[in-house]
Amino acid sequence: MQIQVNGESREVEAGASVGQLLDQLRLDPRSLAVELNLQLVPRANHHETQLAEGDQLEVVTLVGGG
């Protein structure tokens with residue numbers, strides 16, 4: 001199925017979760033914020049939050065500084 005990740009079209013397996021997508025992208029969820037269709041997805045819910053055709057995700061890397 002087709003979804004959008006940071007404005008780019010991406011093909012994912014039907015029934016995939018946010019957590020599976022992050023694993024596929026080799027991203028560490030400890031340093032990310034994920035928004036699914038304008039709603040923040042808590043890190044604890046990444047593996048249980050299912051993706052659907054046409055979903056739009058924004059994945060933002062958190063950086064520290066000072």
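What follows walks through the sheet, the core and a few individual residues of a predicted model. Because the model is predicted, local features need pLDDT of at least 70 and side-chain atom pairs count only at pLDDT 80 or more, while totals for chains, interfaces and linings use all residues. Residues are numbered from 1 along each chain as its sequence is written, and side-chain values use heavy atoms, with hydrogens and water left out.

The sheet comes first. Helices (H or I, at least four residues) and strands (E, at least two) are taken as DSSP runs, numbered from the N terminus, and two strands pair if DSSP finds at least two bridges between them. On that basis there is an open sheet of 5 strands with mixed pairing, in the order β2-β1-β5-β3-β4. Strands β2 (8-11) and β4 sit at the edges with a single partner strand each, so one side of each has no neighbour in the sheet. From one strand to the next, the twist averages 35°; for such angles, axes are lines fitted to C-alpha atoms, for helices over the stretch in contact, and the angles run from 0 to 180 degrees between N-to-C directions.

Going along the sheet, β1 and β2 run antiparallel and are joined by 4 bridges, with Val-5 opposite Glu-8 in β2. These two strands make a hairpin with 2 residues between them, and Asn-6 in the turn has a positive phi of about 50°. On to β5: 2 bridges link β1 and β5, which run parallel, and here Gln-4 stands opposite Gln-56 in β5. The pairing of β3 with β5 is antiparallel and covers 5 bridges, with Leu-36 facing Leu-57 in β5. Finally, strand β3 (residues 32-36) and β4 run antiparallel and are joined by 3 bridges, and Val-34 has Val-41 as its bridge partner in β4.

Next, the core. A nonpolar core here is a set of buried Ala, Val, Leu, Ile, Met, Phe, Trp, Tyr and Cys residues joined through side-chain atoms within 4.5 Å. Buried means under 20% relative accessible area, exposed means over 50%, and partly exposed is in between (1.4 Å probe, protein chains only). The largest nonpolar core has 14 residues, and those touching the most other members are Ile-3, Val-18, Leu-21, Leu-22, Leu-36, Leu-51 and Leu-57. Two or more residues of this core come from each of β1, α1 (18-24), β3 and β5.

Ile-3 belongs to strand β1 (residues 2-5) and counts as buried because its relative accessibility is 1%. A contact means heavy atoms within 4.5 Å. Beyond its neighbours within four places in sequence, Ile-3 has contacts that include Glu-8, Val-12, Leu-21, Leu-51 and Leu-57. Between Ile-3 and Leu-40, 37 residues apart along the chain, the C-alpha separation is 17 Å. Leu-51, with residues up to four places away in sequence set aside, touches Met-1, Ile-3, Ala-16, Ser-17, Val-18, Leu-21, Leu-36 and Leu-57.

Leu-22, in helix α1, is buried as well, with a relative accessible area of 2%. Not counting residues up to four places away in sequence, Leu-22 touches Leu-27, Pro-29, Leu-32, Val-34, His-46 and Val-59. From Leu-22 to Asp-55, 33 residues away in sequence, the C-alpha to C-alpha distance is 15 Å.

Last, the charges. Side chains of opposite charge can pair when their charged atoms come close. With a salt bridge taken as a side-chain nitrogen of Lys or Arg within 4 Å of a carboxyl oxygen of Asp or Glu, a search of the whole structure turns up 1. Asp-28 forms a salt bridge with Arg-30, and the closest N and O atoms are 2.8 Å apart. Asp-28 is partly exposed, at a relative accessible area of 32%, whereas Arg-30 is exposed at 63%.
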